[in-house]
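User: Please take a close look at one part of the model below, the interface, and place it in its surroundings. I would like one connected account, with the cut-off behind each term stated once.

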Amino acid sequence: MPKEIITRKASDNPYFHKDFHIALNYGINYLYDNFGEEAVREYLAQFAASYYSLLKKSLLENGLVTIKEHYEKTYKIEDAEFKINYSPDEMNIHLFASPAVMHIKGGGHPVSPVFHETVLTVNKEICRNTPFECEMMAYNDENGAYKLRFYRRGR
Amino acid sequence: MISCTEFIPAYSELFKYLEKEHGKNAVIDFWNYLSDEFLTNLKELVVENGIRGCWIYWNKTLNEEAADFTMELDEESGEFSITMHYCPSKGRLLKYNHIEPYHNYCEHCDVLYRRVLEPLGFEYSLDRSQTDQAKCRLSVKTINIKK
């Protein structure tokens, strides 16, 4: 067999490597197994405070529409089925099945028992020190479906 | 939900969290764990196909990651290499203005893949001298191949 060579440019492919969901799941699982549930929440809060700092800034300036647009974009990238009921003071998100959880399970990997924290802790951190709050109304361990409620504090 | 397109900053922040709270050994321990649990597909491909398994594995992952790379396979000499012209992961981290990447982010590629390939009879090396420009070179060589 002669030597084989291939060259690719970044523009040749879309950036979409679903196995990263599996790697994140193992990261969560490692923390959970070695340092406990609180460590999972601490890490995710640190990540959200850092990575989503621009999203939080926009939430402060523009309100809940920021979160709405963020998740519409995220779910479109991930080809997820969802429903969003939006008003400036309250927004309800229903994700019918999580593409992350479905991909992890599809690959035969066990889903971390605290994987839902990647939704709850992250969104609570985004809302921290803003006029808004987030709560998880439902979560399905089988397919990662969830219902999230964002609302203006004091309502 | 954290999109898979947002994984790289989450990964980098995990390394930072582990090192800050539990020291560098915890970071290395996590990489070893991830190699054992997550890279079973690379191991299976190499066990089944020899050094071509590297080609099959990275041909999928690097295309999905939209990497800018040249990959070479010479089965007769037992050599495989990836010249990464621009790593999509490190490149992303370098572009973010609002987050600081883990100081030794690229070391994970050295630990994870070495741990799979060396026990299978391959020499693994990773030139990380240009990772500040999101460039590197990975080589795998079969040890004691018949000439």
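Analyst: Read from the N terminus, the elements of chain A follow the order β-α-α-α-α-β-β-α-α-β-β, which amounts to six helices and five strands; here helices (H or I, at least four residues) and strands (E, at least two) are DSSP runs, numbered from the N terminus. The model is a predicted one, in which local features need pLDDT of at least 70 and side-chain atom pairs count only at pLDDT 80 or more, while totals for chains, interfaces and linings use all residues, and side-chain values rest on heavy atoms, with hydrogens and water left out. Residues are numbered from 1 along each chain as its sequence is written, and chains are lettered from A and ligands numbered from 1 in the order in which they are written.

Taken along the principal axes, the C-alpha atoms of chain A fill a box of roughly 70 × 40 × 30 Å. Of the 155 residues in chain A, 49% are buried, where buried means under 20% relative accessible area, exposed over 50%, and partly exposed in between (1.4 Å probe, protein chains only).

Turning to the interface itself, 54 residues of chain A are in contact with 51 residues of chain B, contact being defined as heavy atoms within 4.5 Å. The area buried between chain A and chain B comes to about 4900 Å², and carbon and sulfur atoms give 61% of it; this buried area is the accessible area (1.4 Å probe) that two parts lose on being put together, summed over both.

Strand 1 of chain A runs antiparallel to strand 1 (residues 68–74) of chain B, and five bridges join the two; strands are said to pair if DSSP finds at least two bridges between them. Within this arrangement, Ile5(A) stands opposite Glu72(B). The side chain of Glu72(B) also meets that of Lys3(A) in a salt bridge, at 3.0 Å from N to O, a salt bridge being a side-chain nitrogen of Lys or Arg within 4 Å of a carboxyl oxygen of Asp or Glu. The count of salt bridges between chain A and chain B is two.

Between chain A and chain B there are 22 residue pairs in polar contact, with both residues at pLDDT 80 or more. The side of chain A that touches chain B draws at least two residues from each of strand 1 (4–8), helix 1 (19–35), helix 2 (37–51), helix 3 (53–62), helix 4 (65–77), helix 5 (99–106) and helix 6 (117–127) of chain A. Helix 1 of chain A gives the largest share of that side, twelve residues. By residue class, the side of chain A that touches chain B divides into 32 nonpolar, 14 polar and eight charged residues, with Ala, Val, Leu, Ile, Met, Phe, Trp, Tyr, Cys and Pro counted as nonpolar, Asp, Glu, Lys and Arg as charged, and the others, Gly among them, as polar. A polar contact is a pair of N or O atoms within 3.5 Å; within protein, one must be able to donate a hydrogen and the other to accept it, and residues adjacent in sequence count only if both atoms are side-chain atoms.

Glu117(A) is found in helix 6 of chain A and is buried, with a relative accessible area of 5%. The side chain of Glu117(A) makes polar contacts with the side chains of Arg41(A), at 3.0 Å, and Thr121(A), at 2.5 Å. Leaving aside neighbours within four places in sequence, Glu117(A) is in contact with Glu37(A), Val40(A), Arg41(A), Leu44(A) and Val122(A).

Pro113(A), in the loop between helix 5 and helix 6 of chain A, is partly exposed, with a relative accessible area of 49%. Not counting residues up to four places away in sequence, Pro113(A) touches Asn29(A) and Tyr32(A), and the C-alpha atoms of Pro113(A) and Tyr32(A) are separated by 8.7 Å although the two residues are 81 residues apart along the chain.

In chain B, helix 6 (residues 107–117) is mostly covered, with eight of its eleven residues buried, among them Val111(B), Leu112(B) and Tyr113(B). Ser12(B) lies in helix 1 of chain B and is buried, with a relative accessible area of 1%.
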